[in-house]
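Okay, thanks for making time, everyone. Let me put the structure up and then walk you through it.

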Amino acid sequence: MHQAKEAALGSLWSGGTAPFATHSKKLGMWLFIVSDTLTFSAVLLAYSYLRLANPDWPRPFHFYPAIVKSTGMTLVLLASSLTMVLGVAAMHRNDRKSTVRWLLATALGGVIFVGLHMTEWVELFHEGYTPWSTPEGMPLFGATFFGTTGLHMLHVSIGVLYLLFIAVGIGRGKFTADDVEVSGLYWHFVDLVWMFVFPMIYLMSIQS
Amino acid sequence: MSTHGGGSEGHQVGSTKLFVTVWVWLALVTGIEVFLGYEQLQPVLMLTLLVILSIGKAALIVAYFMHLKYERFSLTLFLVPPTIFCIVMICIFFFPDSLRILQLGPGAP
């Protein structure tokens, strides 16, 4: 009886079972996300430590443009997460045409985010904030601010390329719903990281 | 049309309405955070409040957008507690006196 059951299901020790009832690509992306979470945790902890340890930490973010822009960037990134979810749902219906449209909309959100972020960086450069110096003479701010936001911007840029790659493949009849879902996991993670970068860096240093 | 796309999952979850509701909540909490940014609070208190709100947002994103709520619970147990444990370890041991900063007090903002 037991042997018959084992023959039907395959032995637990001979592989072929899925303890998380999911496919390996999704599990792999989740493991990557866990490791990347720890990277950003360390970076943001280091920033917050410096922020709290220095009473005269620079507070360069004006209401306009910095806070208005970064709030707008937050909403754009959140909106792109919404279009991503709708893209995954469309692919589950096997509607490749609208999947491609949603994916392109998501990538467009990423491009707008990076564009706004770049203009905001340029404004900071003009005010004298660079990765190695600040007007207050606290180069640590420049190093940690541009390092952290730059690392996040790199993730968004890679995400845009990833989404375009998947969108082109979907349009050509390649890939499955699983692949769209995995790219969605990455994109939502990038969104999630910004939900910490935005308050811990921008909102903690609003110019008073 | 057969269930070719969603066959491996076997459960099509979450309506557009649900996702839009989650999005509205995320935007609302963002608004609260920006408002908080303009309150004159002590930096430690402010950072604590902002991080708590952000953890709430992260939980919404992970549960609904990243779908974890609808996965088998073993996946959540596999991913979330170890991550939290590691982050706590980073917070305690990243610097020799990471936690001492809270007792020393940062002084005026």
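Starting from the N terminus, chain B reads α-α-α-α. That is 4 helices and 0 strands, where helices (H or I, at least four residues) and strands (E, at least two) are DSSP runs numbered from the N terminus. Bookkeeping next: this is a predicted model, local features need pLDDT of at least 70, side-chain atom pairs count only at pLDDT 80 or more, and totals for chains, interfaces and linings use all residues. Residues are numbered from 1 along each chain as its sequence is written, while chains are lettered from A and ligands numbered from 1 in the order in which they are written.

How much of chain B is buried? Of its 109 residues, 20% count, with buried meaning 20 or more other C-beta atoms within 10 Å of a residue's own, those atoms being placed from the backbone.

Now, where does chain A meet chain B? On the chain A side there are 45 residues in contact with 47 residues of chain B; contact here means C-beta atoms, placed from the backbone, within 7 Å. The elements of chain A giving two or more residues to that side are α2 (24-53), α3 (63-92) and α6 (177-202), and α2(A) gives the most, with 12 residues. By class, the side has 29 nonpolar, 12 polar and 4 charged residues. For the classes, Ala, Val, Leu, Ile, Met, Phe, Trp, Tyr, Cys and Pro are nonpolar, Asp, Glu, Lys and Arg are charged, and the others, Gly among them, are polar.

Next, a helix pair. Helix α4 (residues 96-126) and helix α5 (residues 139-171), both of chain A, pack at about 160 degrees with axes 9 Å apart; axes are lines fitted to C-alpha atoms over the stretch in contact, and angles run from 0 to 180 degrees between N-to-C directions. So α4(A) is roughly antiparallel to α5(A), a label for angles over 145 degrees. Their contact has 15 nonpolar, 8 polar and 1 charged residues.

Of its 65 residues, Leu103(A), Val193(A) and Met200(A) touch the most other members. α6(A) gives the most to this core, with 18 residues. And what does Leu103(A) contact, leaving aside neighbours within four places in sequence? Gly87(A), Leu163(A), Ile166(A), Ala167(A) and Ile170(A).

Terms used
Angles under 35 degrees count as roughly parallel, over 145 as roughly antiparallel, 65 to 115 as roughly perpendicular and the rest as oblique. Two residues are in contact if their C-beta atoms, placed from the backbone, lie within 7 Å. A residue is buried if 20 or more other C-beta atoms lie within 10 Å of its own, exposed if 12 or fewer, and partly exposed in between; C-beta atoms are placed from the backbone. A nonpolar core is a set of buried Ala, Val, Leu, Ile, Met, Phe, Trp, Tyr and Cys residues joined through C-beta atoms within 7 Å.
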